[in-house]
Amino acid sequence: MSGDHIQQYGSGSIGKAEHTGSGDIVTGGKNVGVAEGGPALQALLAEIERLRPHLDTADQAEVDAAAGAIAEETSAERRRSLVQRISGIAALVGEVGLPVVAAGKALLAG
């Protein structure tokens, strides 16, 4: 927003935090949050991006919601449920969805 006035104090200050709705949070010009899941989560999110053009609007919305939540999820059971939701949609698309299924399995295995 224009006109924001931010004052920072102390070494732990991050400045303004922005969330664009895609699972990322930008603080002080740096992306945070998404990297917490490590390389396996990054791989899954990258494969989801490649899959998106092959999905209809409803499936895109469902996958986007699950992908946004998975980056912040700490419960193993809930994360598994989100991966299963994403993988199920990816499997229905056919061969183009197989990399998403594989990346989901890798995330759950790690």
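Predicted model: local features only at pLDDT ≥ 70, side-chain atom pairs only at ≥ 80, totals over all residues.

Author: Residues are numbered from 1 along each chain as its sequence is written, and side-chain values use heavy atoms, with hydrogens and water left out.

Reader: In what order do the elements of the chain run from the N terminus on?

Author: Helices (H or I, at least four residues) and strands (E, at least two) are DSSP runs, numbered from the N terminus. The chain holds three strands and four helices. Their order from the N terminus is β-β-β-α-α-α-α.

Reader: What share of the residues of the chain counts as buried?

Author: Buried means under 20% relative accessible area, exposed over 50%, and partly exposed in between, with a 1.4 Å probe and protein chains only. The chain has 110 residues, and the buried share is 29%.

Reader: What share of the accessible surface belongs to carbon and sulfur atoms?

Author: Accessible areas come from the Shrake-Rupley method with a 1.4 Å probe; for residues, only the protein chains shown count as cover. The chain's accessible surface is about 7000 Å². Carbon and sulfur atoms hold 53%.

Reader: Are H1 and H2 roughly parallel or roughly antiparallel to each other?

Author: Axes are lines fitted to C-alpha atoms, for helices over the stretch in contact, and angles run from 0 to 180 degrees between N-to-C directions. Helix H1 (residues 38-51) packs on H2 at about 165°, with the axes 11 Å apart. Angles under 35 degrees count as roughly parallel, over 145 as roughly antiparallel, 65 to 115 as roughly perpendicular and the rest as oblique. H1 and H2 are therefore roughly antiparallel.

Reader: Which residues make that contact, and how many are nonpolar?

Author: Contact means heavy atoms within 4.5 Å. H1 gives Leu41, Leu44, Leu45 and Ile48, and H2 gives Val63, Ala67 and Ile70. Ala, Val, Leu, Ile, Met, Phe, Trp, Tyr, Cys and Pro count as nonpolar, Asp, Glu, Lys and Arg as charged, and the others, Gly among them, as polar. The contact of H1 with H2 has no polar and no charged residues; its nonpolar count is seven.

Reader: How many charged residues are in the contact of H2 with H3?

Author: The axes of H2 (residues 57-70) and H3 (residues 76-93) come within 9 Å and cross at roughly 155°. Residues of H2 in the contact include Asp59 and Glu62, and those of H3 include Arg79 and Arg85. Nine of the contact residues are nonpolar and none is polar; the charged ones number four.

Reader: Is Arg79 buried or exposed?

Author: Arg79 lies in helix H3. Leaving out residues up to four places away in sequence, Arg79 touches Leu41, Ile70, Ala71, Glu73, Leu107 and Leu108. Its relative accessibility is 17%, so Arg79 counts as buried.

Reader: Which residues does Ser87 touch, not counting residues up to four places away in sequence?

Author: Ser87 is also a residue of helix H3. At 15% relative accessibility, Ser87 counts as buried. Beyond those sequence neighbours, Ser87 touches Val100 and Val101.

Reader: What separates the C-alpha atoms of Gly110 and Ala40?

Author: Gly110 is in the segment after helix H4 (98-109). Gly110 counts as exposed, at 92% relative accessibility. Gly110 and Ala40 are 70 residues apart along the chain, and their C-alpha atoms are separated by 7.5 Å.
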